[in-house]
Amino acid sequence: MALKLPIFMDSQSTTPADPRVVEAMLPYFTERFGHAASRNHSFGWEAEAGLDEARDQIAKLIGARDPKELVFTSGGTESINLALKGVVEMYREKGNHVLTTTIEQRAGLDVCKRLERLGVEVTYLPVGKDGLVDVDRLREAITPKTILISVMFANNEIGSIQPIAEIGKLAKERGIVFHTDATQAAGKIPVDVEAMGIDLLSCTGHLLYGPKGVGALYVRRKGPRVRLAPMMDGGGHERGMRSGTVPVPLAVGFGKAAEICREVMSSESVRLAALRDRLQDAILSQVDEAFMNGHPERRLPHNLNISFAYVEGESVLMGLNKEVALASGSACTSATLEPSYVISALGVDAELAHSSIRFGLHRFTTEEEVDFVGRRTVEVVQRLREMSPLYELAKEGVDLKTIQWKGE
Amino acid sequence: MAYSEKVVDHYNNPRNVGSFTKDTPGVGTGLVGAPECGDVMKLQIRVNLETGLIEDAKFKTFGCGSAIASSSLATEWLKGKSVDEASKIKNTDIVNELKLPPVKIHCSVLAEDAIKAALSDYRDKWGQPAAAEPARGDGA
């Protein structure tokens with residue numbers, strides 16, 4: 001079969017909707033278009049039934065005891081905002097200290113920065129070279145004022161999977177609310193809010209082959225019951241935590257996507273991990289001074305992040321972007337001139353942070369695609385190395401650290 | 001971000017990639033930028049010591065596509081110019097030619113710095129101030 005270009009390998013940014021998801025959604029745009037909060041007619045009941053089923057499907061995916069513990073939102077960012085701001089406002093009398101990490105996704109970090117401006121104390125825990133949080137350090141950072149621990153389940157750049165169950169246990173012992181941003185993990189690896197002691201969990205539809213524009217926040221109802229101050233005031237939908245008409249077709253799609261993920265997760269994760277390893281081997285066996293970022297085992301099965309010394313990330317993407325959609329944590333991509341804060345947090349040299357490339361496999365990735373991407377990546381990196389003054393210096397045996405660089 | 005056609009062309013077909021041996025007569029070398037900033041350019045000129053004209057130029061760049069294109073374009077423009085003329089190349093000329101967006105202007109600034117550094121290195125090693133060169137050429 002001929003390879004279809006361009007190849008999408010940026011599944012940490014979004015995923016294509018599964019065709020079965022789209023099919024499940026369609027009736028809710030046309031014949032079952034009712035408002036789920038309309039209590040007095042069949043249109044409303046039908047819509048509500050659709051929502052109930054979706055809630056149930058998502059609850060099963062994340063191991064929630066009761067589907068009512070799920071609040072629909074517009075996506076991961078809103079869920080994270082609601083979780084963090086909602087807890088801080090509701091538990092204000094108890095304390096004003098939040099514990100999080102330096103590698104949360106932007107929504108998590110930006111909410112924390114805003115909270116700091118409002119007088120909340122936030123501790124950003126560093127991570128090790130493998131991208132993992134040290135639970136002992138987390139324990140030491142807890143103060144009598146700590147009301148919330150927020151640690152992402154799996155990282156969006158390097159895929160590192162945090163010791164969530166250990167953190168959940170610690171939070172429980174100390175009576176602190178525990179939120180995890182599982183936008184990258186849910187649907188890909190086992191997530192169980194009960195077994196892992198999670199009180200709040202953010203997830204989103206479009207990262208698990210569902211539609212964009214819908215997410216969910218799991219809010220524990222028992223042991224302990226977590227309360228949140230809402231951000232949206234209005235009709236009191238979603239148990240008062242998120243007013244606003246729930247987009248039923250999107251929620252139904254999210255539910256269907258969650259159901260499919262639960263069914264295929266064990267086989268899909270094995271298949272993708274094998275393809276990912278194949279890609280990693282193809283690249284690392286052909287390119288010298290290329291380094292895998294993150295933890296070799298404790299990472300998402302579809303995630304691969306590699307730093308190529310002596311070449312800059314955006315230039316690698318430019319050489320590939322006609323054929324392959326990838327992401328880089330490099331300077332220029334984000335227009336901020338800062339290298340990836342996640343890669344920098346691992347303690348690697350700044351120039352390696354400028355050269356990180358992220359590969360994201362997904363449900364529809366084929367072996368043929370992986371082989372093509374591996375081959376092309378090697379070609380592009382080698383071509384850029386021939387053009388790189390740093391590679392030339394390194395090959396001459398010059399230690400780049402000894403050079404007095406004339407910066408801009 | 002979409003790249004201009006000219007940036008893509010220089011990226012795909014970079015002109016004058018390579019290096020001269022640093023101590024070759026007439027060669028001036030500029031190395032600017034810093035790895036941790038994500039941009040390093042090495043730009044070299046080879047000046048004919050008789051005529052004072054830049055006969056050849058080469059570059060190697062670590063950086064984004066726009067940085068590669070800026071330095072590639074710079075080497076094209078340098079060839080055939082006198083050292084004095086070369087020192088008049090401005091970063092804004094590069095911005096206009098490559099249609100660089102605002103976030104990429106620093107790439108053109110770096111290319112201008114690389115030209116200046118190469119010219120200065122040339123003068124230190126081999127030359128008189130640029131203005132005096134034609135006279136020296138004539139007299140030789």
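**Exercise 1.** Determine which elements of chain B the buried residues of α4(B) pack against.

*Solution.* Helices (H or I, at least four residues) and strands (E, at least two) are DSSP runs, numbered from the N terminus. In this predicted model, local features need pLDDT of at least 70, side-chain atom pairs count only at pLDDT 80 or more, and totals for chains, interfaces and linings use all residues. Residues are numbered from 1 along each chain as its sequence is written, with chains lettered from A and ligands numbered from 1 in the order in which they are written.

Step 1: list the buried residues, a residue being buried if 20 or more other C-beta atoms, placed from the backbone, lie within 10 Å of its own. In α4 (residues 91–98) of chain B these are Asn91(B), Ile94(B), Val95(B) and Leu98(B).

Step 2: look down the axis of α4(B). The buried residues fall within an arc of 100° (taken from the directions from the axis to the C-beta atoms), so they line one face of the helix.

Step 3: find the partners, counting a contact where C-beta atoms, placed from the backbone, lie within 7 Å. The buried residues of α4(B) pack against α1 (5–12), α2 and α5 of chain B.

**Exercise 2.** Describe the side of chain B that touches chain A.

*Solution.* Step 1: the contact draws 26 residues from chain B and 25 residues from chain A.

Step 2: elements giving two or more residues on chain B are β1 (27–34), β2 (39–47), β3 (54–62), α2 (65–78) and α5 (105–126). β1(B) supplies the largest share, four residues.

Note on methods: Contact = placed C-beta atoms within 7 Å. Buried ≥ 20, exposed ≤ 12 C-beta atoms within 10 Å, placed from the backbone.
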